[in-house]
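Please walk me through this structure.

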Amino acid sequence: KEGQLKWKFRTNGQLRSTPLIYNESVIFNSTDGNVFSLRKSDAHLQWTFKTNGIVHATPLVHNNKVYIGSYDGFFYALNAKTGQPIWQFKTVGNTYFPKGEIQKGAAIYKQSVIFGCRDYNIYALDIETGRGLWNIVEKGSWVIATPLVVGDDIYVGTSDTHRFITLNTQTGDLKYAVQLNMRVYAEAVSYNNDIIFGCFNGKLYRLQPKHAEIHQIFQTKGSKRNYDTVYDKDDAFKAGFRLYDNDMEASEKKILELGAILSTPLIEQGIAYFGDTNGVIYSLQLK
């Protein structure tokens, strides 16, 4: 019957990513550090791969391989049928994040796999060998969002530098950057030759790559109601507001009350569906 529980499977941690269907398997991961493959018909455990850190990233499967990063600072390629490791790559790390934790998923461009990291780097690896092809540093900022690859360009938002950047897929060279006033954690999506993405400030944006122009196309209810608790009339932090002050918890609470958009929009027949941190889900007709 519709809505009837078919099976369930318990891990020793939280599930913070989207499960992936691969042939007759469900592949997913947990904050207990494991990547799992279950038979989708009855949840029979087919294999488990143990990392040495929590795993938040959504798995990526390509040519019978699972590509995934962990908070242990390694990016792994696994055999999708057996879970056996094929290769692994160690991130550089930095002073604040010495392990080089990898939080979100990866994207593929031809023979490379591309992902961001908490050590401020974006990496491109050879998809077959795991050897580094290039890396670029976004000084002072995690790169949390999963990169979006369209043609020969990479589109991705940053954390503390509050930018949305466009890179060359082959070299990692910066093509241009758009300055925002808050973080971008969610993956962007391509729609009608434009790029759509949400921001912690409660706004949904449309980037027009041809002209490197960005336009606000939506603002959540929470952002409209509470925007002036964080920002002034020039869209800068208002006097007295500190993002990383002694009371960071209070600052983050104000940010989340904006109805921050942390989810990746789903676009179907010209309608964008997305949620916010106030628990509201939106259906927006795109022009």
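Trp 7 is partly exposed, because its relative accessible area is 27%. Buried means under 20% relative accessible area, exposed means over 50%, and partly exposed is in between (1.4 Å probe, protein chains only). Trp 7 sits in the segment before β1 (20-22). Helices (H or I, at least four residues) and strands (E, at least two) are DSSP runs, numbered from the N terminus. Not counting residues up to four places away in sequence, Trp 7 touches Val 26, Leu 38, Lys 40, Ser 41, Asp 42 and Ala 43. Contact means heavy atoms within 4.5 Å. Arg 118 is 111 residues from Trp 7 in sequence, and 35 Å from Trp 7 in space, C-alpha to C-alpha.

A word on the model itself. It is predicted: local features need pLDDT of at least 70, side-chain atom pairs count only at pLDDT 80 or more, and totals for chains, interfaces and linings use all residues. Residues are numbered from 1 along each chain as its sequence is written, and side-chain values use heavy atoms, with hydrogens and water left out.

Now the interior. A nonpolar core is a set of buried Ala, Val, Leu, Ile, Met, Phe, Trp, Tyr and Cys residues joined through side-chain atoms within 4.5 Å. The largest such core has 28 residues. Tyr 155, Phe 164, Met 182, Ile 195, Phe 197, Leu 207 and Ile 255 have the most contacts inside it.

Look at Phe 197 in the largest core. Leaving out residues up to four places away in sequence, Phe 197 touches Phe 164, Leu 180, Val 184, Ala 188, Lys 203, Leu 204, Tyr 205, Leu 207 and Ile 214.

What of the cysteines? Cys 117 counts as buried because its relative accessibility is 1%. Cys 199 is buried too, with a relative accessible area of 0%. A search of the whole structure finds zero disulfides (pairs of cysteine sulfur atoms within 2.5 Å).

Next, the pockets. On a 1 Å grid over the protein atoms alone, a pocket is an open set of points with protein on both sides within 12 Å along at least five of seven lines, and lining residues have an atom within 4 Å of a point. Grid points are joined across faces, edges and corners, and a volume is the space filled by probe spheres (1.4 Å probe) set on the points. The largest pocket holds about 490 Å³ of space. Its lining has 18 residues, and Thr 58, Lys 104, Thr 146, Glu 187 and Thr 264 lie nearest its centre. That lining divides into seven nonpolar, eight polar and three charged residues. Ala, Val, Leu, Ile, Met, Phe, Trp, Tyr, Cys and Pro count as nonpolar, Asp, Glu, Lys and Arg as charged, and the others, Gly among them, as polar.

The second largest pocket has a volume of about 210 Å³. It is lined by 14 residues, and Trp 142, Arg 183, Tyr 185, Tyr 244 and Glu 252 lie nearest its centre. Here the lining has ten nonpolar, one polar and three charged residues.

Gly 105 is in the loop between β8 and β9 (107-109). Gly 105 is buried, because its relative accessible area is 7%. Beyond residues up to four places away in sequence, Gly 105 touches Ala 57, Thr 58, Phe 115, Thr 146 and Pro 147. Gly 69 is 36 residues away from Gly 105 in sequence, and 7.1 Å away in space, C-alpha to C-alpha.

Finally, the backbone. Most residues other than glycine have a negative phi. Tyr 120 has a positive phi of about 80°, although it is not a glycine. Tyr 120 lies in the loop between β10 (112-116) and β11 (121-126), and counts as buried at 17% relative accessibility. Asp 235 also has a positive phi, near 70°. Asp 235 is in the loop between α1 (221-226) and α2 (248-256). With a relative accessible area of 36%, Asp 235 is partly exposed.
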